[in-house]
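Me: Please examine the structure shown below with me, taking helix packing, strand pairing and the annotated region in turn.

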Amino acid sequence: MSMRSLRGIAAVGVTAAMLALAACSGGGDSSAPAPADDVERVYIEAVSADPTSLNPQFAGGPIPLRFGFSVLGTLVELNDGYEIMPGLAKSWEFSEDGSTVTLELQEGVLWHDGEPFTSEDVKFNFEEIMPLQTFGKPLSASIASIDTPDETTVVLNLANQYGPFLAALSQQALVPKHIYEGTDYVTNPANMAPIGTGPLMFESFSPGEQIVLVKNPDWWRGDFEVDRAIYPVMTDPNARMMALQSGELDAAVVDPSQQDQVEASDSLELVLRGALPQMVNAGFNASLPELSTPELRSLVFAAIDREAIVDLSLHGLGEAATTVFPEGMTWAVDNSVDFDKSFERDIDAINAGLDAAGYPVGADGTRFTLDIRYIAALSDVAAAAEVVKSSLQDVGIGANLLGTAEPVFMESVFAQSDFGIMLMRSVAGADPSIGVVRWLTCNPNRIPVSNPSGVCDEQLDQAAAAALATLDQDERAAQFRTLQQRAVASAHWLPLAWTHGSNYTVSSVRWEGLTDAVGQTNNPPWTHMTWVG
């Protein structure tokens with residue numbers, strides 16, 4: 001190891017130690033009362049980069065969500081079993097004809113600045129804030145008008161039924177009307193110093209260093225043990241791993257390749273629950289002659305060794321995909337779909353199919369060559385690209401590995417269609433309609449992080465639209481079965497593996513209960529955490 005590397009690791013270790021020391025000293029102002037034993041109970045979780053915003057309504061990605069769900073709060077919550085639970089709305093009721101939704105709000109809820117949370121705040125969010133968020137826009141568009149008969153009742157009069165209504169609502173973090181009304185919502189300073197109703201309150205943000213949150217003493221759900229939460233910015237996964245091992249961090253995302261160190265530790269554990277499924281997926285560029293037909297794409301997909309991706313790229317932290325939707329989405333999964341049958345990795349049969357399709361092995365030992373694009377910073381996806389290249393070589397297909405920075409990847413794949421196979425890691429989503437389906441439906445405008453293939457399957461698109469247009473779960477499930485069957489038949493985008501390797505790794509040195517799966521996904525189990533010092 002170079003002297004430069006040693007100095008960098010030492011510097012990070014000292015920084016983390018200083019953070020822990022500062023946390024224990026209780027530096028900074030807080031309105032939360034100190035524990036009886038005069039020891040401030042501090043939770044320290046590393047983030048991999050500075051957040052672009054602390055308000056997930058105006059910024060995508062897991063980091064803004066992590067803060068948004070802890071500080072701002074949502075009307076309903078979604079757990080990792082895809083169950084909708086009460087949040088700021090203690091109950092909800094759809095009318096028999098599906099034309100209205102009545103929300104009954106929790107009573108006595110206060111914003112962090114002491115102002116009451118009321119139905120007017122909810123109306124303001126539906127009308128002004130949600131339309132600016134990816135999943136909130138179609139949600140708010142489904143509402144014709146809103147009535148607020150009293151401070152804790154909201155009646156939503158629907159213009160049309162919207163299938164993923166509650167799932168989409170679970171992803172909407174509410175902001176206070178009295179802070180945002182009359183301002184430029186996107187540039188409002190409160191986006192970087194949010195005022196919410198959640199268990200934690202914003203205290204400070206030092207770019208490149210840390211974000212600090214403190215306990216909300218008036219949280220409507222009651223007391224919990226965390227007094228302060230510090231989020232040091234640590235870009236290096238090796239530094240995060242060292243800080244976890246030394247007990248300087250309570251939680252962090254580490255590289256899947258480091259999980260053998262986690263397994264060898266008595267105090268560290270990879271959290272398997274509390275997050276929505278993630279996947280490594282493959283999209284095919286149908287504008288290329290070699291990938292222009294479902295038959296050719298199916299042969300190429302079948303050639304990819306999905307089990308090897310799990311074993312070698314994900315270090316066993318997941319499972320090979322055999323379905324289009326994650327199995328946890330039980331109500332929507334078509335159990336008749338089985339990739340092992342539809343895309344059997346029979347090398348002889350795949351070779352014969354490629355020969356018959358007019359792509360024999362040439363003098364150089366290859367049939368044709370495909371560019372495989374991926375984001376280089378995602379080490380598990382980069383490793384998966386190596387497996388895909390090796391797999392394709394088994395059937396005479398060459399591959400150029402093009403790992404780049406994320407902006408280059410996005411431009412090449414979604415704007416320029418300059419790829420053969422696209423590999424990504426993404427979240428399955430809170431509902432099929434606002435998650436997996438966007439990778440499959442027609443995308444003529446080449447919207448990023450959606451179907452990059454250029455394929456438009458009429459039956460698939462009709463099923464997706466029908467599932468979007470009804471609240472009846474049985475009807476939606478029937479449409480999704482058609483959609484999944486068409487996805488297999490078309491083979492223009494499919495998941496390769498489901499993975500939990502990028503979940504949080506936690507330490508039990510200072511806190512117990514960090515592995516408990518309760519409440520909103522992508523949120524620490526604040527009410528279940530017990531301080532052990």
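Me: Which residues of helix 13 meet Ala-308, Ile-309, Leu-312 and Ser-313 of helix 10?
Reply: The model is a predicted one. In it, helix 10 spans residues 306–313 and helix 13 spans residues 379–393. The partners in helix 13 of Ala-308, Ile-309, Leu-312 and Ser-313 are Asp-380, Ala-383, Ala-384, Val-387 and Val-388.

Me: How many residues of the contact of helix 10 with helix 13 are nonpolar?
Reply: The contact includes Ile-309 and Leu-312 from helix 10, and Val-387 and Val-388 from helix 13. Divided by class, the contact has one charged residue and one polar residue, and the number of nonpolar residues is seven.

Me: Are helix 10 and helix 13 parallel, antiparallel, perpendicular or oblique to each other?
Reply: The two axes come within 9 Å and cross at roughly 135°. Angles over 145 degrees count as roughly antiparallel and those from 65 to 115 as roughly perpendicular. The crossing is right-handed. The angle of roughly 135° therefore makes the relation of helix 10 to helix 13 oblique.

Me: What is the relative direction of helix 9 and helix 12?
Reply: Helix 9 (residues 294–303) packs with helix 12 (residues 347–356) at an angle of about 150°, the axes being 10 Å apart. Angles over 145 degrees count as roughly antiparallel. Helix 9 and helix 12 are therefore roughly antiparallel.

Me: Is the crossing of helix 9 and helix 12 left-handed or right-handed, and what classes of residue make the contact?
Reply: Helix 9 and helix 12 cross in a left-handed manner. Leu-296, Leu-299, Ala-302 and Ala-303 contribute from helix 9, while helix 12 supplies Ile-350, Gly-353 and Leu-354. By class, the contact of helix 9 with helix 12 comprises no charged residues, one polar and six nonpolar.

Me: Which strands form the edges of the open sheet of three strands?
Reply: The order of this open sheet is 11-19-12, and its pairing is antiparallel. An edge strand pairs on one side only, which applies to strand 11 (251–252) and strand 12 (268–270).

Me: What is the bridge partner of Ala-251 in strand 19?
Reply: Strand 11 and strand 19 (residues 505–507) run antiparallel and are joined by two bridges. In strand 19, Ala-251 has as its bridge partner Val-506.

Me: How far apart are the end C-alpha atoms of residues 83–442?
Reply: An unreviewed UniProt entry annotates residues 83–442 as "domain: Solute-binding protein family". Over this range the chain is 27% helix and 24% strand. The separation of its end C-alpha atoms is 29 Å.

Methods:
Residues are numbered from 1 along each chain as its sequence is written. This is a predicted model: local features need pLDDT of at least 70, side-chain atom pairs count only at pLDDT 80 or more; totals for chains, interfaces and linings use all residues. Side-chain values use heavy atoms; hydrogens and water are left out. Axes are lines fitted to C-alpha atoms, for helices over the stretch in contact, and angles run from 0 to 180 degrees between N-to-C directions. Helices (H or I, at least four residues) and strands (E, at least two) are DSSP runs, numbered from the N terminus. Angles under 35 degrees count as roughly parallel, over 145 as roughly antiparallel, 65 to 115 as roughly perpendicular and the rest as oblique. A crossing is left-handed if the near helix is turned anticlockwise from the far one by less than a right angle, and right-handed if clockwise. Contact means heavy atoms within 4.5 Å. Ala, Val, Leu, Ile, Met, Phe, Trp, Tyr, Cys and Pro count as nonpolar, Asp, Glu, Lys and Arg as charged, and the others, Gly among them, as polar. Two strands pair if DSSP finds at least two bridges between them. UniProt positions are given in the numbering used here, feature names are shortened, and annotations may be inferred rather than shown by experiment.
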